[in-house]
Amino acid sequence: MATYLQSQCRPTPRFPLVLAGLYASSTANSVNAYCSSAPSSAPRITQKWKTIGKTPRRLVLGFGASFWAQSLNMSAPFGGSGKFLASARPSSSIDQVLKNVEWPEQFPFKDEDFLRFDESPDSLFYEAPRFVTHIDDSAIRALTKYYSEVLPPSNTPGVSILDMCSSWVSHYPAGYKQERIVGMGMNEDELKRNPVLTEYVVQDLNVNPNLPFEDNSFDVITNVVSVDYLTKPLDVFREMRRILKPGGLAIMSFSNRCFWTKAISIWTSTGDTDHVMIIGAYFHYTGGFEPPQAVDISPNPGRSDPMYIVYSRKLNTA
Ligand SMILES: C[S@@+](CC[C@H](N)C(=O)[O-])C[C@H]1O[C@@H](n2cnc3c(N)ncnc32)[C@H](O)[C@@H]1O
């Protein structure tokens, strides 16, 4: 099935000084942080970003993609994911990004970082169902395999899971079941068709970030390729902390695709490595979570969509 998300690397370039500052204290390997490659015909800016050791970090921003194409289709914009440069990065670099980060005292992002190119109500954008997948089959398989290793075994008594920003698929292992699996999303037709859900809630988290659930009631929260659409991430992450049981696991996964007009500016102007830092920052500044960790589960670097996880557990004391 064709994938549906476009690369996020289109909008107005911004120099991510904030993230560069964060990196200065990270022990991450020196790697080039790239967005997906732009086609040779598209105007392109290569911006020297940050030098760590001898290796310059660069931010490559591509322009010229069709706005309309993206609103209909989030597939890889420049002829498929196989060409993308994310593959040039050794997978271990992502795994290292959140190790030994010295976070600034204050949340380093500004209000403008959470603006989108399209600020019309999200309910309009998600009005029509999209029965598509947003990452390619290999990336989905990698995510499902990851879930099979970290989710509670199927049919474990008392287990509740929330799939945030859900659709008609959650990518859990085939036949996966729990007493309670709630999907939250924007499109009822999609959620209705999701076979793994035992219930669903349609709610715009950018309008109302409060999660309509009891304190300490979920074992796991998943969010697949959608954390970049949250304009009030700290409010949502605070709510995630509230509803997770102590020790509960939050798994944010992402690739290098998105509906870029709907993704927040700090996401669309930065690359995969930065995205790890952004999600890590959400956990860190929310508080009450273990230090977040990143895993690169990209299945075939360079030949399929990359797939990354940033996860954390609610502290037992939170
Ligand atoms: C790219 S799709 C991913 C869907 C699903 N997680 C998957 O992997 O197929 C983005 C999802 O984010 C959800 N979403 C986007 N904006 C949202 C918002 N403001 N509030 C709640 N959910 C939102 C939509 O319901 C949509 O299904």
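Two strands count as paired if DSSP finds at least two bridges between them. Strands (E, at least two residues) and helices (H or I, at least four) are DSSP runs, numbered from the N terminus. This is a predicted model: local features need pLDDT of at least 70, side-chain atom pairs count only at pLDDT 80 or more, and totals for chains, interfaces and linings use all residues. Residues are numbered from 1 along each chain as its sequence is written.

Start with the sheet. Strands pair through backbone hydrogen bonds, either parallel or antiparallel. Here seven strands form an open sheet with mixed pairing, in the order β6-β5-β4-β7-β8-β11-β10. β6 (199–202) and β10 (293–296) stand at the edges with a single partner strand each, so one side of each has no neighbour in the sheet. From one strand to the next, the twist averages 20°.

Now look at β7 (residues 218–224) and β8 (residues 244–254). These strands run parallel and are joined by six bridges. N223 stands opposite M252 in β8. Helix α9 (residues 272–286) packs on the sheet, where it touches β8, β10 and β11 (308–313). Contact means that C-beta atoms, placed from the backbone, lie within 7 Å. The direction of α9 makes about 15° with that of β11. Axes are lines fitted to C-alpha atoms, for helices over the stretch in contact, and angles run from 0 to 180 degrees between N-to-C directions.

What packs against α9 at an angle of about 60°? Helix α7 (residues 233–243) does, with the two axes 9 Å apart. That makes α7 oblique to α9, a class left over once angles under 35 degrees (roughly parallel), over 145 (roughly antiparallel) and 65 to 115 (roughly perpendicular) are taken out. From α7, the contact uses P233, L234, F237, R238 and R241. From α9 come Y282, F283, Y285 and T286.

Key. Contact = placed C-beta atoms within 7 Å.
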